[in-house]
Amino acid sequence: MTAFDAVTPQQCLLIGNSRWHWADRAHASRWLFRHTDPPVEPLPETSIPDRWAAVGKIPAALSQHADQQLLLDQVPLKDAPPWLGIDRALAGWGAWLRSGGGEGVCVVDAGTVLSLTRVTAAGCFGGGWLCAGLRLQLQAMGEGTAALPALGPDGPCLDPCPTFPVETASAMTQGVLQSLLGLIHGAQLRCPGPVWLCGGDAPLLFPELKARGVDVQHTSNLVMETFVDLVS
């Protein structure tokens, strides 16, 4: 379904805004997925993946291999505008396909930016919402105020905390978490149908959404699974 040559890919890479997402072929029909920080050193020629895509900054080494890049127009999501991030297109088309293609879906990728993408029953891009993700909101509060603490990427946002915390850092975390849950729940009320959830903060959101009665499916590697489906 793509314009690639007949070489069977063994490794795929999606460059995100803050993380790199890898898929490594274990055998003919099985892939292993991993998520890493961007490398500090330049990517050596021997580490160039067979297929790659990007929404974040593209390293010079990869820009020399443009023929191996998966582009937006190679993702079969209908009516996708040219500015749409390929990660949203992959997640949206993959969720719609896995749902059977008979109803619309909302796809939530809970990463650095939380993207909510609506795909219609006909498999068309139906718009969506964007907001700062959990860590980005916590970072903004810490940087934008004098009294609130700066929370690191592995701060209390990864730990359970009471609904109404007393301690400041936990209150920040719970406030942001509840805002994201409200956004997702509100979207599902406006557009009935299943919510497909992926991204780094999905494990935090999934049990809370289930508790609210949201019809939600957690597929942690939805974007990369769709990527390898397209290029394999």
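This is a predicted model: local features need pLDDT of at least 70, side-chain atom pairs count only at pLDDT 80 or more; totals for chains, interfaces and linings use all residues.
Residues are numbered from 1 along each chain as its sequence is written, and side-chain values use heavy atoms, with hydrogens and water left out.

**H3 and H4**

Select residues 134–144 for helix H3 and residues 168–190 for helix H4; helices here are DSSP runs (H or I, at least four residues) numbered from the N terminus. The two pack at about 135 degrees, with axes 10 Å apart; axes are lines fitted to C-alpha atoms over the stretch in contact, and angles run from 0 to 180 degrees between N-to-C directions. On the H3 side, show Leu134, Gln137, Leu138, Met141 and Gly142; on the H4 side, show Met172, Thr173, Val176, Leu177, Ser179 and Leu180. These residues make the contact, meaning heavy atoms within 4.5 Å. By class, the contact has seven nonpolar, four polar and no charged residues. Nonpolar covers Ala, Val, Leu, Ile, Met, Phe, Trp, Tyr, Cys and Pro; charged covers Asp, Glu, Lys and Arg; the others, Gly among them, are polar.

**The start of H4**

Zoom in on Glu167: one of its side-chain oxygens reaches to within 3.1 Å of the backbone nitrogen of Ala169.

**H4 and H5**

Next select residues 202–211, helix H5, which packs with H4 at an angle of about 60 degrees, their axes 10 Å apart. That angle makes H4 oblique to H5. Leu177, Leu180, Leu181 and Ile184 of H4 meet Leu204, Leu205, Glu208 and Leu209 of H5. This contact divides into seven nonpolar, no polar and one charged residue.

**H2 and H6**

Finish with residues 86–98 (H2) and 222–231 (H6), whose axes come within 8 Å and cross at roughly 85 degrees. H2 and H6 are therefore roughly perpendicular to each other. Residues to show include Trp93 and Arg98 in H2, and Phe227 and Asp229 in H6. The contact as a whole has eight nonpolar, two polar and four charged residues.

Terms used. A polar contact is a pair of N or O atoms within 3.5 Å; within protein, one must be able to donate a hydrogen and the other to accept it, and residues adjacent in sequence count only if both atoms are side-chain atoms. Angles under 35 degrees count as roughly parallel, over 145 as roughly antiparallel, 65 to 115 as roughly perpendicular and the rest as oblique.
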